[in-house]
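Subject: Structure handover

Hi there,

Here is the structure I promised to pass on to you. Have a look at it first, and then read on for what turned up in it.

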Amino acid sequence: MKKIEPFNPQNSLDGVRKYYETMSQQLGGKKESVALIEELAIQKENHQIPVRIYRPAGKNTQPSPAIIYIHGGWFISGGYETHDTLVRKLANKTGSVIIFIDYRLAPEYPFPAGLNDCTDGIEWAIKNAESLGIDPDKIGIIGDSAGAALSTAFSVQSGKQIRFQVLIYPAVDNQLNSGSWETYANGPVLTKQGGIEAWNWYLPEEEKSNPLAIPALVKDFKETPPTFIILAEHDPLLDDGKKLSENMKNAGVDLTISFYKEMVHGFMHMGELLEEVQSVVDEIAAFASHNFKSNI
């Protein structure tokens, strides 16, 4: 990872964004073929929300189950190129249409712009299910890192509209003061200084106690659907993910947790090197299948 060099970064933010893309492309591994990829834009009053729709190989029955994917990147980076390899795998393994929302990023668009885009994207998918060839009663969400925070924020408000959520190494607290943050302050992958900078870019002063921005503060999980949380051992976010899990469990959420030993934050972008990536994809597919089959 130390050998990965982003090309010609213009500043620290550009460097973060280019590093994430470069890491994902160099370590992600072979891209699986899918049946079809479509790119659309959801028209809002003063902006558009780009979405990419992946239709799985070998599946042409409609209506299809669907999974909304909300990407990570500290709320400041990430997009189509960082997640393309992973999303292709998930589409094929789950047999679901994957709708990837390319939400607005901070610092250009701080909270709640990204959350608003995700909410609008999910509601657009539900409303347009018939024309998209998806089943409105079989929709789930997957979010990784910052995307898991955005998924949690949606589900605590409107989780009854979806069958499940999968939260991969969730970034849910802006305090960065846990034991795992102390252990891994200098990485790998994430650093405490980078986290402080990202949260400062993302979170306006007046939103610093808003549980929709900081899921660690959520008290009311009654809307939350069945949830699968994936944690990594050598991740500064590990303790924050455990705290969210505990809060959900105490609130009675139907919760599944999978702990991956020896893994680092962002390991789902490292399929070229790590067989654990396929293990997580398999687990997610089994969890999705179970929840799509269960009665509402």
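The lining of the largest pocket in this predicted model divides into 11 nonpolar, 11 polar and 2 charged residues. In total 24 residues line the largest pocket, and Val16, Tyr19, Trp74, Val189 and Leu190 lie nearest its centre. The volume of the largest pocket is about 450 Å³. Two helices, H1 (12-27) and H7 (192-202), each supply at least two residues of the lining. Of the lining, H1 gives the most, with 5 residues.

On to the charged side chains. Side chains of opposite charge can pair when their charged atoms come close. In this model the count comes to 14 salt bridges. One of them joins Lys18 to Asp14, with the closest N and O atoms 3.1 Å apart. Both Lys18 and Asp14 lie in helix H1, 4 residues apart, which is about one turn of the helix. Are these two buried or exposed? Lys18 has a relative accessible area of 25%, so this residue is partly exposed. Asp14 has a relative accessibility of 17% and therefore counts as buried, because the cut-off for buried is under 20%.

Another salt bridge is formed by the side chains of Glu39 and Arg52, at 2.6 Å from N to O. Glu39 lies in strand S1 (residues 36-43) and Arg52 in strand S2 (residues 48-55), so this pair ties together parts that are 13 residues apart in sequence. Arg52 is buried, with a relative accessible area of 10%.

Arg52 also forms a salt bridge with Glu81, where the closest N and O atoms are 4.0 Å apart. That pair links distant parts of the chain, with Arg52 in strand S2 and Glu81 in helix H2 (residues 80-94), 29 residues apart. Glu81 is partly exposed, at a relative accessible area of 35%. Through shared partners, salt bridges join Lys31, Glu39, Arg52, Glu81, Asp84 and Arg88 into one network.

Helix H3 (residues 113-127) is worth a look too. How far apart should the ends of its 15 residues be? At 1.5 Å a residue, H3 should span 21 Å, and its end C-alpha atoms are 21 Å apart, which agrees. Among the buried residues of H3 are Leu115, Cys118, Ile122 and Trp124.

The structure holds 13 aromatic pairs. Phe164 and Phe287 form one that is edge-to-face, with 5.6 Å from centre to centre and 80 degrees between the planes. This pair links distant parts of the chain: Phe164 is in strand S6 (residues 164-168) and Phe287 in helix H9 (residues 276-293), 123 residues apart. Phe164 is buried, with a relative accessible area of 0%, and Phe287 is buried as well, at 11%.

Trp199 and Tyr202 form an edge-to-face pair too, at 5.9 Å centre to centre and 70 degrees between the planes. Why are Trp199 and Tyr202 separated by about one helical turn? They are 3 residues apart in helix H7, which accounts for that separation. Both Trp199 and Tyr202 are buried. Ring pairs also link Trp74, Phe75, Phe111, Trp181, Trp199 and Tyr202 into a cluster.

Note on methods. Residues numbered from 1 in each chain as written. Heavy atoms only, no water. 1 Å grid on protein atoms, 1.4 Å probe; cavity = no way out; pocket = protein on both sides within 12 Å on 5 of 7 lines; lining within 4 Å. Points joined across faces, edges and corners; volume = space filled by probe spheres on them. Nonpolar A, V, L, I, M, F, W, Y, C, P; charged D, E, K, R; others polar. Buried < 20%, exposed > 50% of the residue type's maximum accessible area, 1.4 Å probe, protein only. Expected span 1.5 Å × (residues − 1). Phe/Tyr/Trp six-rings, centres within 6.5 Å; stacked < 30°, edge-to-face > 60°.
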